[in-house]
Every structure is written in structure tokens, then in C-alpha cells.
Amino acid sequence: MLWWTLGLPSLKTGFLKWKPDYDSAASEYGKAAVAFKNAKQFEQAKDACLKEAVAHENNRALFHAAKAYEQAGMMLKEMQKLPEAVQLIEKASMMYLENGTPDTAAMALERAGKLIENVDPEKAVQLYQQTANVFENEERLRQAVELLGQASRLLVRGRRFDEAAISIQKEKNIYKEIENYPTCYKKTIAQVLVHLHRNDYVAAERCVRESYSIPGFNGSEDCAALEQLLEGYDQQDQDQVAEVCNSPLFKYMDNDYAKLGLSLVVPGGGVKKKAAAPPQAKPEGTAAPAAEEEEDEYAGGLC
């Protein structure tokens with residue numbers, strides 16, 4: 001194929017040319033990749049991107065090499081080869097970090113997470129957490145906590161509640177650090193729902209108790225609702241639990257957490273504990289209970 005020869009003259013050496021011209025070769029492979037992409041020949045475009053990346057690597061141009069690997073990944077995405085696409089984008093992100101461009105690395109990882117989210121949620125969680133770590137290392141806490149939130153919701157969706165509880169706590173710590181206290185209240189609700197789905201009432205109660213130290217939490221509607229929820233759960237009062245979880249405060253949370261509330265069932269079958277009814281006086285002339293009748297029947301013996 002004609003494109004396969006592009007860049008090769010630049011790589012050849014001879015008596016008057018001791019070193020390959022990797023820069024020119026990379027440029028030619030890049031042009032070929034664009035042409036194949038426009039023609040929707042994604043396999044050939046991917047191969048051209050990979051050759052461009054290798055040429056840039058040989059030229060020690062890490063940023064441009066990473067870009068080429070990322071583009072190769074996007075060609076694989078067009079071919080619906082998502083796991084392979086993610087592998088190349090991860091490789092690109094590592095090269096961005098090595099090049100000293102962490103923001104670009106984080107954005108690449110986030111894109112990879114979105115690509116694979118519906119195919120392999122577990123891998124997407126890992127990618128979002130990696131992205132959050134990169135942003136956190138750069139002290140870009142708002143971006144970091146946003147990615148942690150995506151990871152938490154995926155963990156909840158997959159009913160990986162132990163990991164979700166840890167992830168939400170990390171979110172809460174960051175929101176507290178940036179003094180976004182109202183969001184801390186919402187994360188406390190999410191924590192409590194996750195812990196109750198883990199059947200860990202003690203951990204849920206501890207979350208609420210620890211949140212009293214967050215400015216404004218004590219006395220907020222979030223705090224009052226959580227206290228009511230825990231009381232209903234502890235008393236096995238399904239009606240009270242359902243009333244709290246169907247309130248706007250819970251129903252308008254992120255969809256994954258709203259579903260946790262709507263599906264929450266208290267232990268013991270959710271039977272409400274009722275106080276025993278006081279004994280009532282029998283009206284005159286009422287027949288004696290069956291047990292007493294049996295006693296009277298056999299009071300004189302069997303014969």
C-alpha cells in the first residue's frame with residue numbers, strides 16, 4: 001500500500017545521512033493517519049498513528065508521542081474495540097505525566113473512563129480514581145472530587161457497598177476541606193444509605209454523629225431527616241423509613257442514591273412494632289373463653 005512507504009525515506013540512513021529523520025517521518029505518518037481517518041479506514045489510521053507515535057518517541061518528543069497513542073486509541077474506539085482503546089489511552093496518559101503535563105494526563109484518563117463505563121464499570125472506577133489522584137496531587141480539589149463522585153456512583157450501581165462507603169468518605173473529606181458544607185450534608189445522607197444497605201446500623205449512626213462537627217449540620221433538614229430515618233430503621237418501622245426516603249430531600253438526590261432510599265427495607269421484614277393494647281373489661285353475660293369452658297367440662301372428672 002502506498003501509505004506504508006510514507007515516512008520510510010526519512011528513516012533511511014546513508015553515507016551523507018547518519019541519523020534517521022524521525023521528525024519528518026512522524027509528520028508523514030500523521031498526514032497518512034488523517035487521510036485514513038477522513039476515509040473512515042480506521043484500521044489503517046490506527047496503524048499510521050502508532051507509527052507516528054514510535055517516530056516521536058525515537059525523537060524524544062513525549063508529548064507528541066502521547067497524542068499519537070491517544071489518537072490510535074480513538075481509532076480503536078471507532079472500531080468498537082474499547083478495551084484495546086483504553087489501553088492505548090492509558091499509555092498516553094503515562095507519557096503525558098512523564099512529560100510534565102498532568103492536566104492533559106487526567107483528561108485522557110477521564111475520557112478513557114467514559115469510553116469503558118458501560119462495558120467494564122470496574123475498569124471505569126479505577127480510571128476515575130486514577131484521574132482524581134492526578135488532580136489531587138495538583139491541588140485541583142474540585143476536579144478531583146468530581147471524579148471521585150463518578151467512581152462512587154458506579155460502585156453503588158454495582159452494589160459494591162464496602163468500596164462505595166470508602167469512596168464517599170473521601171468525597172466528604174474533600175468537600176469539607178474546600179468548605180462546601182451543604183454538599184457534605186448530602187454526602188452524609190449517601191453514606192447512611194450505603195451503610196444501611198450493608199446492614200451496618202452502627203456505621204450509619206456514627207456517620208451522623210461525626211457530621212455534627214460540620215458547621216450548620218446540626219439543625220439542618222438533612223440532619224433531622226437522617227435522625228428520623230435511623231429511628232425508624234432501629235424501631236423496624238418500615239412506614240417511617242419509607243416516608244423519609246420518599247421525601248423530596250431524598251428523591252431528588254443523584255439517581256443512584258435515590259434508588260437506594262426507595263429500595264431500603266428494615267430488618268425483620270419491616271413490621272412496625274406496636275404497643276400492646278390494654279385489656280378491656282368484658283360486658284356482662286359474655287361467654288367464657290374456650291379454655292375456661294374446657295376446664296368446666298372436665299371439672300368433675302372423666303366419669
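Reader: Where is Ile174 found, in which helix?

Author: Ile174 sits in helix H10, which spans residues 161-177; a helix here is a DSSP run (H or I) of at least four residues, numbered from the N terminus. This is a predicted model, so local features need pLDDT of at least 70 and side-chain atom pairs count only at pLDDT 80 or more, while totals for chains, interfaces and linings use all residues. Residues are numbered from 1 along each chain as its sequence is written, and side-chain values use heavy atoms, with hydrogens and water left out.

Reader: Why is Ile174 called buried?

Author: Its relative accessible area is 5%, and buried means under 20%, exposed over 50% and partly exposed in between, with a 1.4 Å probe and protein chains only. Therefore Ile174 counts as buried.

Reader: Which residues is Ile174 in contact with, leaving aside its neighbours within four places in sequence?

Author: Ile174 then touches Glu136, Leu141, Val145 and Leu148, where contact means heavy atoms within 4.5 Å.

Reader: What makes Glu138 partly exposed?

Author: Glu138 has 39% relative accessibility, so it falls in the partly exposed class. You can find Glu138 in the loop between helix H8 (121-137) and helix H9 (141-157).

Reader: How many helices and strands does the protein chain have?

Author: The protein chain has 17 helices and zero strands; a strand would be a DSSP run (E) of at least two residues.

Reader: What share of the residues of the protein chain count as buried?

Author: Of its 303 residues, 42% do, and Ile174 is buried too.
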